[in-house]
Amino acid sequence: MSLLNAQEKKYQLRREIDLQADYYSIGKEYMVKSIETDDEELDAFLFSLGCYSGEPITVNSHLKGGCVVTIKNGRYTLDKNLASAILV
């Protein structure tokens, strides 16, 4: 398998499991498996919200530019970049 094919498959798999995907049911609780980002500030921001591996997260709605989620007792609007860093 070429490197390009491997990268495409990795991207497709990641696209299937990131939080931004529209097929996640609204109102259903999911467990955060990991936070996938190279940006330390983004990682620290999500951690400050209580979003880290093993924590529950609920998708409240899907928006054109992201989604609304509940983490712990807070409700947050996440843009596509932020939501795609959260793997459930």
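Note on the antiparallel sheet and its loops

1. The model is a predicted one. A hairpin through 2 residues connects E3 to E4. Leu-63 has Gly-66 in E4 as its bridge partner, and Val-59 stands opposite Val-69 in E4.

2. On to the pairing of E4 with strand E5. E4 is joined to E5 (residues 74-79) by 6 bridges, and the two run antiparallel. Val-69 stands opposite Tyr-76 in E5.

3. Strand E1 comes next. E1 (residues 29-31) and E3 (residues 56-63) run antiparallel and are joined by 3 bridges. Glu-29 stands opposite Thr-58 in E3, while the bridge partner of Met-31 in E3 is Pro-56.

4. Which strands form the sheet, and in what order? The sheet is open and has 4 strands, in the order E1-E3-E4-E5, with antiparallel pairing. E1 and E5 are the edge strands; each has a single partner strand, so one side of each has no neighbour in the sheet. On average, neighbouring strands of this sheet are turned by 35° against each other, direction ignored.

5. How many residues of E4 are buried? The count is 5 of the 6, so E4 is largely enclosed by the rest of the structure. The cut-off for buried is under 20% relative accessible area. Cys-67, at 0% relative accessibility, counts as buried.

6. The hairpin of E4 and E5 deserves a separate point. There are 2 residues between its strands, and Lys-72 takes a positive phi near 55° there. Most residues other than glycine have a negative phi. Lys-72 is not a glycine, yet its phi is positive, at about 55°. The residue lies in the loop between E4 and E5.

7. Is Lys-72 buried or partly exposed? Its relative accessible area is 47%, so Lys-72 is partly exposed, given that partly exposed covers the range between the buried limit of under 20% and the exposed limit of over 50%.

8. Lys-72 also takes part in a salt bridge. The count of salt bridges comes to 1. The partners are Glu-55 and Lys-72, whose closest N and O atoms are 3.5 Å apart. This pair links distant parts of the chain: Glu-55 is in the loop between helix H2 (40-49) and E3, Lys-72 is in the loop between E4 and E5, and they are 17 residues apart.

9. Lys-72, with a relative accessible area of 47%, is partly exposed.

10. Last, the cysteines. How many disulfides are counted? The count comes to 0 disulfides. A disulfide would need a pair of cysteine sulfur atoms within 2.5 Å. Cys-51 is at 2% relative accessibility and counts as buried; Cys-67, at 0%, counts as buried too.

Methods:
Residues numbered from 1 in each chain as written. Predicted model: local features only at pLDDT ≥ 70, side-chain atom pairs only at ≥ 80, totals over all residues. Heavy atoms only, no water. Pairing = 2+ DSSP bridges. Buried < 20%, exposed > 50% of the residue type's maximum accessible area, 1.4 Å probe, protein only. Axes fitted to C-alpha atoms, helices over the stretch in contact; angles between N-to-C directions. Salt bridge = Lys/Arg side-chain N within 4 Å of Asp/Glu carboxyl O.
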